[in-house]
Each structure stands twice: as C-alpha cells, then as structure tokens.
Amino acid sequence: MNYYEILGVKQDVDEKELNKVFKKLSKKYHPDRQQNKSDQEKKDAEKKFQEISEAYNTLSDKQKRQEYDMQLNGFGNFNGFGDYDPFGAFNPFRRQQRTPVGTNIQTTVKVSLKDFYDGKTITVHYQKDVECKHCHGTGSEDGKVHTCQHCHGTGRFRTQKTNGMMMFVQETTCPYCGGTGQSIANPCKHCNGSGFEKEDATTEITLRPDICTYDSVNLKGLGNSVKGGVNGDLYVIMQKEEDKNFKLEGLNLVMKLPLNLYEALCGCEKTITAIDGKKIKVTIPEGTSNETIFRIAGKGMTPAHSLFLTVEYVIPNKLNDKQKKLLKEFYEACKK
C-alpha cells in the first residue's frame, strides 16, 4: 500500500501541502458526509477514510516517514511502528521488536450543540475483539498449539535484495500463521481458530463546549485486542445534529433574527433565547438593513466567544387591497 498514492501526492510533498490534502480528503470521505449514499458506497468511503488516516499518520511523522521512504525505495523494512532494519537478522545493533498493537475500530454517535455546551456525558456502545473465553485465546479447541513450520515461529517472512556488495533484507508478515508464529491442527469452534470473539462494550465520554468542532475523539486502548500486545484505539465519530436555532462558526454561534418591515424601519426591542436558555433583550435601531449583524459577547460556545444575530426581513407573501393602498401612500410620502 503506497501512502503517497492513497493521498494523491508526490513523495517530496511538504508538510503544508500534506495537511491541506489530508483535510480535503478526510472531509470528502468522512462518515458524516455519506448519509445519502448506498450501503456499499458507505463501506467504500469508510475504508478509504481509514486508509487516508493511516497514510497521514505515517507521513506526518518525520521519523516514520523517513523509515517508510527507505522501505518504499527498496531499503530495509517498515512495519508501521518505526522498526527499520537495513541489515536483517545479522545487524548487531538491531532494535527490539516493538509490542504488537491491536487494530483500531470506530463507531458513530449523534450529539447536539446543546450536549457540548452542557458538558453532557454520553454512553458509547460498540463491539470489539477480545480473547475467546472458550479457548482462552489459543485458537485451539484442545489447547494444543504448534510452531509454524513456514516461519519457524518468528511470524515473519524475509526476502533478500542485493545492490552491488550490499545486501538488504525486507520482512513481511507470514501469510500462513498471520504473524502469530503458531499453527493449530484443531481450530476452536467458537472463534474459528482466531483466538478472539466479538464482545459488546460501552464507554462514556464527557463532552465539552470547546471540542464541538472536533470530527472525532480518539480513546486510547479501547480498540481490538491482539495476541501478546496492547489494544488498539477506539475512534468515536461525532455526528452533529442540526440545530434549529444556531449555526456553528468556529466556537461562535450564529442565529437568524427575523424582523418585519415595521420593526426594521421604526426600530423595536426583541427578546431572544441564548444557547444557555437565558433570555436576552436586543434593541433594534430605526432603519436597520437586511442582513445587519448584531454581536452579543460571551454567548458563544465558551465565554470567550460570541453570538451573532443576523437580521432577516420577513416579507408578506400576499397583500390585500387596503394594505397595498397604505403601502403605496407610505412610499409616496417618502418621496416628498
């Protein structure tokens, strides 16, 4: 999998352009933007979203990117954890193999602006892979596990490349044992030999007003389990419900303020309800134009942000004869 091709960038792309491309692609394939798509299109977009995230996480990290570039150009090995080894098993300075990490999972929750503002604690339901209780994670029905004959228990396949007088070794995961280094003659009937089973899980997230612009929350260690390693992460995608009163701009709030012509021309006093539920009186001066904006400080998502009221003229759809006559007299009077 070529991370540069996934993001559609050249190998010499700079950090600024990389960030720009990632933001554009992540918005395009984000689960929140696939609501009107077919189930297959949603699955394809979810897969693409995960590939984009994986590619960006590697290329945005200087050390991982350097090691990945070495592997991409045919030198050494990159396994996603930064273990670069240009000399293979004979390197006396080789790093210790890092602890395996389980795969990440994601789930989606619906939240409202009010939930963020109130600091609501929400319960997240999801499924994750855990150690099979029947075989205790061995994957074997009778508990017997043997060393994989193909990789001799290492879980890795090695291929050698020569370049002049230098030799380079590249490692890949053993396809026969899936990198476990073990083979099973009698697979567990409950987990089909994987050693893992699905389990329903829940966790809680306490929202805050200042994270209402986040697309997701990363919860470390709540993802899938892996043999001999640590759990992956849980990504909670926050699908924001549309608010009937407020629009979000950064951490500021925008609200429409409907006025009829009389209120706009003669001035008036309007009462609005802020997101905290408090009533606020707003004085509208005479001759207020359509789309005029009033700012109320401290009434955004945080005390440091504001609520902006945008004037919107309410025009009658139909006038009777008397109303038309009065309106005509009004405009004629304005000409004098």
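## Thr 203 and its contacts

Leaving aside residues up to four places away in sequence, Thr 203 touches Ile 122, Thr 123, Val 124, Tyr 126, Leu 219, Leu 222 and Leu 234. The model discussed here is predicted. Thr 203 belongs to strand β7, which covers residues 196-206. The relative accessible area of Thr 203 is 17%. Thr 203 therefore counts as buried, because buried means under 20%.

## Nonpolar cores

The largest nonpolar core has 38 residues. Those that touch the most other members are Phe 116, Leu 207, Ile 272, Met 301, Leu 307 and Leu 309. Strand β11, residues 252-259, gives the most to this core, with 4 residues.

Which residues does Met 301 touch, not counting those up to four places away in sequence? They are Leu 113, Phe 116, Tyr 117, Pro 209, Cys 212, Leu 248, Leu 251, Leu 253 and Ile 275.

## Aromatic pairs

A pair of aromatic rings is described by the distance of the centres and the angle of the planes. The structure holds 2 aromatic pairs. Phe 22 and Tyr 56 form a stacked pair, with 4.0 Å centre to centre and 10° between the planes. Phe 22 lies in helix α2 (residues 15-29), while Tyr 56 lies in helix α3 (residues 39-59), so the pair ties together parts that are 34 residues apart in sequence. Phe 22 is buried, at a relative accessible area of 18%. Tyr 56 is buried as well, at 17%.

Phe 330 and Tyr 331 also form a pair, and the centres of their rings are 5.1 Å apart. Their planes stand at 75°, so the pair is edge-to-face. How accessible is Phe 330, and what does it count as? Phe 330 has a relative accessible area of 38% and is partly exposed. Tyr 331 is partly exposed too, with 45% relative accessibility.

## The second largest pocket

Helices α6 (261-266) and α7 (321-335) each supply at least two residues of the lining. Which helix gives the most to the lining? Helix α7 does, with 5 residues. By type, the lining of the second largest pocket divides into 12 nonpolar residues, 2 polar residues and no charged residues.

## Loop residues with positive phi

His 136 is not a glycine, yet it has a positive phi of about 60°. His 136 sits in the loop between β2 (121-131) and β3 (146-147). Is His 136 buried or exposed? At 59% relative accessibility, His 136 counts as exposed, because the term applies over 50%.

Asn 192, a residue other than glycine, has a positive phi near 55°. The loop that holds Asn 192 runs between β6 (182-183) and β7; strand β7 is the strand that contains Thr 203. Asn 192 is exposed, with a relative accessible area of 69%, whereas Thr 203 is buried.

Terms used: Residues are numbered from 1 along each chain as its sequence is written. This is a predicted model: local features need pLDDT of at least 70, side-chain atom pairs count only at pLDDT 80 or more; totals for chains, interfaces and linings use all residues. Side-chain values use heavy atoms; hydrogens and water are left out. Buried means under 20% relative accessible area, exposed over 50%, partly exposed in between (1.4 Å probe, protein chains only). Contact means heavy atoms within 4.5 Å. Rings of Phe, Tyr and Trp (its six-membered ring) pair if their centres lie within 6.5 Å; planes under 30 degrees apart count as stacked, over 60 as edge-to-face and the rest as tilted. Ala, Val, Leu, Ile, Met, Phe, Trp, Tyr, Cys and Pro count as nonpolar, Asp, Glu, Lys and Arg as charged, and the others, Gly among them, as polar. A nonpolar core is a set of buried Ala, Val, Leu, Ile, Met, Phe, Trp, Tyr and Cys residues joined through side-chain atoms within 4.5 Å.
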